[in-house]
Amino acid sequence: MSYKITGSGCCIPTIIKKNKAFLGHSFLDDKGSKFDVDNETIIDKFNSITGIEERKYISSELKTSDIAYHAAKVAIEDADLDPETLDYIIVAHNFGDISGDSKQIDTLPSLASRVKAKLKIHNPKCVAYDILFGCPGWVEAMIQAQAFIKAGMAKKCLVIGADALSRVVDLHDRDSMIYADGAGATILEESSQEGGILSHSTLTYTANNEADFIYYGKSYDKQDVEGDKFIKMQGRKVYEFALNKVPDAMKQCLDLAGVAIDDLKKIFIHQANQKMDEAIAKRFYRLFKKPTPDGILPMNIEEFGNSSVATVPTLFDLVLKQNYKGHSLKKGDIILFASVGAGMNINAITYQI
């Protein structure tokens, strides 16, 4: 018995915000002081490090649960299944629903319950719940879905990663240029075919203050009297942590699958930072005393930005269906899903198409 993705889908927001849109922003450091360089220099440096040229935002009338629903609907149609036969709906996110005219986070009821309602599923045995696991949320939800199926508790699971980070950015923070919105979804089913999930690995680091690397904090504008909180990141610490810890976790996952490094066709890694992702891949291959192969690392961060839990399933769907930027997949290919984010959490899945 195997555990295979039988359908995938994504919801790509329609509002495109290019880097030049930030030229008029008043960027401040964490002390509330202005930088001694102009915004054009800040943006150019940002682009050279992250690779981001533009990002995608949802329109004001939409919420995270809306784009999660749209991605789910595509995945269900792609799998050609009756939604009433789903056993679980698991939605990975970090900030719930935030309307376009409010900064208040809304997670009651869960986003998964909202998606189930939008799908008009009547079956009460279809269990819907959310998972909060930072950017690795979709990967972890896939691991949970497999566990349910393996334990005989489910046969078909809908797994969604969705976030609208544009609703929780501090416009005075340079890091606000990183974040984006999006949703990706997959159907995981038990199957008699070979392949599917071959192995997985998850790690959480907190002993050395890693839990504080990505957090929810106040604006850098010290004149702000509202007291609203926004997504915040200790960028250098996150970068160093990822480079030091993620390659080992990826190797552990691949070794558990008994897969030779030369048989790996693609790595779908969380789209957080282009230079960071490329460095992680290089260090990963160095553990096997191998050079990084050309074309191993699909990337869409330059036009999509960092949409947190949505990056991996969205990129997977694009490559699977569109031959995205020359990347494609065929039956039998072995790939690796990997992510790192708030927690600090790291996880990976070895998967055979």
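These legends accompany close-up views of a predicted model, starting with its cavity and moving on to its salt bridges.

View 1. Applying the volume cut-off of 30 Å³ or more leaves a count of 1 cavity. The volume of the largest cavity is about 80 Å³. Its lining is made up of 14 residues, and those nearest the centre are D181, G182, F304, S307 and T314.

**View 2. What the cavity lining is made of.** Two elements, strand 7 (181-191) and helix 8 (311-322), each contribute at least two lining residues. Strand 7 gives the largest share, with 3 residues. How many of the lining residues are nonpolar, polar and charged? The lining has 6 nonpolar residues, 7 polar ones and 1 charged one.

View 3. Across the whole structure, the search turns up 15 salt bridges. One of them joins the side chains of D78 and K321, with an N to O distance of 3.8 Å. D78 belongs to helix 2 (residues 64-79) and K321 to helix 8, so this contact ties together parts that lie 243 residues apart in sequence. D78 is partly exposed, at 37% relative accessibility. K321 is partly exposed too, with a relative accessible area of 40%.

**View 4. The salt bridge of R114 and D106.** In this pair, the closest N and O atoms of R114 and D106 are 2.7 Å apart. Are the two partners buried or partly exposed? R114 has a relative accessible area of 14%, so it counts as buried because the cut-off is under 20%. D106, at 28% relative accessibility, is partly exposed.

View 5. The side chains of D170 and K232 form a salt bridge at 2.7 Å, N to O. This pair connects distant parts of the chain: D170 sits in the loop between strand 6 (156-164) and strand 7, while K232 is in strand 10 (residues 229-233), 62 residues away. D170 is buried, with a relative accessible area of 3%, and K232 is buried as well, at 1%.

**View 6. A network of shared partners.** Which residues are joined here into one network? They are K18, E54 and K56, connected by salt bridges that share partners.

Notes. Residues numbered from 1 in each chain as written. Predicted model: local features only at pLDDT ≥ 70, side-chain atom pairs only at ≥ 80, totals over all residues. Heavy atoms only, no water. 1 Å grid on protein atoms, 1.4 Å probe; cavity = no way out; pocket = protein on both sides within 12 Å on 5 of 7 lines; lining within 4 Å. Points joined across faces, edges and corners; volume = space filled by probe spheres on them. Helix = DSSP H or I, 4+ residues; strand = E, 2+ residues; numbered from the N terminus. Nonpolar A, V, L, I, M, F, W, Y, C, P; charged D, E, K, R; others polar. Salt bridge = Lys/Arg side-chain N within 4 Å of Asp/Glu carboxyl O. Buried < 20%, exposed > 50% of the residue type's maximum accessible area, 1.4 Å probe, protein only.
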